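Visitor: I am new to this structure and would like to learn how to read it. Could you take me through it step by step?

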Amino acid sequence: MENKIKGVKKEIVSKLNLVKDLKDIEKLRVEYLGRKGIVTLLLRKLGSFSAEERPKAGQLLNQSKREIEELLKIKEIEIEKLEKEKRLQGEGIDLTLPGRKLDRGTAHPINLVLKEIEEIFLSLGFKIEEGPEVELDYYNFEALNIPKDHPARDDQDSFYINKEILLRTHTSPVEIRVMEKQQPPIRMITIGRCYRRDAADSTHAPMFHQIEGLAVDKDITFGDLKGVLTVFVHRIFGKDRKVRFRPAYFPFTEPSAEVDVSCLLCHGRGCRACGYTGWLEIMGSGETDPAVFKMVGYDPEKYSSFAFGMGAERIAMLKYGINDIRLFFENDLRFLKQF
Ligand SMILES: [Zn+2]
């Protein structure tokens, strides 16, 4: 009996080596462990054994049956693994794996506002121009009618690289560069980063984004400026917003005006956000000073123009109701994911 069982085990091990797929394993399982299988038949024969032989033979047979079951199971797992690998190589992708969830990012609120502003002015016929962030003192100040001893330089505390080179404090130098290269008519906007040595607080940051625009042509009037900027305000903040032009002073425009929009929170009634005036200041504007035209070789008698400049952060803060400029630069996902 013992020899018989050993023979059966040997047989099954050699047959398992020839197994190619799961069907072969199933066949072997039926052949040995099925109702009419070799091991099953041997177990049935136990009855014919003597009372002394029976327990030992029974134990041996049952143990061998478990071993054979184990061998078949191991081979089955091995073949399943091989078949899966083969399938993966063939398809290059496992269609049975569950999908992975993609974590989608959102655009930064400053980029959203810049894009919207860009689209508004493009639709009004303005072209986009670019210029360097590391700028010559000449383009940043001198050509804009701000000589060395001019008090306006104090308001724009600058990052100087050397005596003549600095990080631009506004995007206005791009306008000078464009006017130097091109003759009117000009309708341009420029968008970009600017730098000032301001300590960061809720309304100031050492780096910020400006949008500046310029139109030069024959017969441009202050009425054109008011028309374009009113359309801009209505598109970016909504048609129900009122626009106010308030006399101001800038070295490179004459006359100059601050542009105010009726308070988005109190709708002009007065609240803390607008200092109880009902108005919020959003940008500076004016007609280009003849002194600037002379610097770039335009004839102030022949051409007139208007220009305007605003901070993207200020527009975004008002549009989205954000009360601290530092939120834009802290990269806090809890803030950024809201846009
Ligand atoms: Zn208000």
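Visitor: Into which domains is the chain divided?

Guide: Domain bounds come from an automatic or database domain assignment, and here the chain is divided into domain 1 (2-89) and domain 2 (109-336). Taken over C-alpha atoms, the centres of domain 1 and domain 2 are separated by 86 Å. This is a predicted model, in which local features need pLDDT of at least 70 and side-chain atom pairs count only at pLDDT 80 or more, while totals for chains, interfaces and linings use all residues. Residues are numbered from 1 along each chain as its sequence is written, and side-chain values use heavy atoms, with hydrogens and water left out.

Visitor: Which residues coordinate the zinc ion?

Guide: Donors are N, O and S atoms within 2.8 Å of the metal (3.2 Å for Na, K and Ca), and since water is not among the atoms, sites may look incomplete. Here the SG atoms of Cys263, Cys266, Cys271 and Cys274 coordinate the zinc ion at 2.2 to 2.3 Å, and these donor residues follow the spacing C-x2-C-x4-C-x2-C in sequence.

Visitor: Why is the arrangement of the four donor atoms around the zinc ion tetrahedral?

Guide: Four donors count as tetrahedral if all angles lie between 85 and 135 degrees; the arrangement here is tetrahedral because the four donor atoms subtend angles of 104 to 114°.

Visitor: How many disulfides does the structure hold?

Guide: A disulfide is a pair of cysteine sulfur atoms within 2.5 Å, and the structure holds zero of them.

Methods: Tetrahedral: all angles 85-135°; square planar, octahedral: opposite > 155°, others 65-115°.
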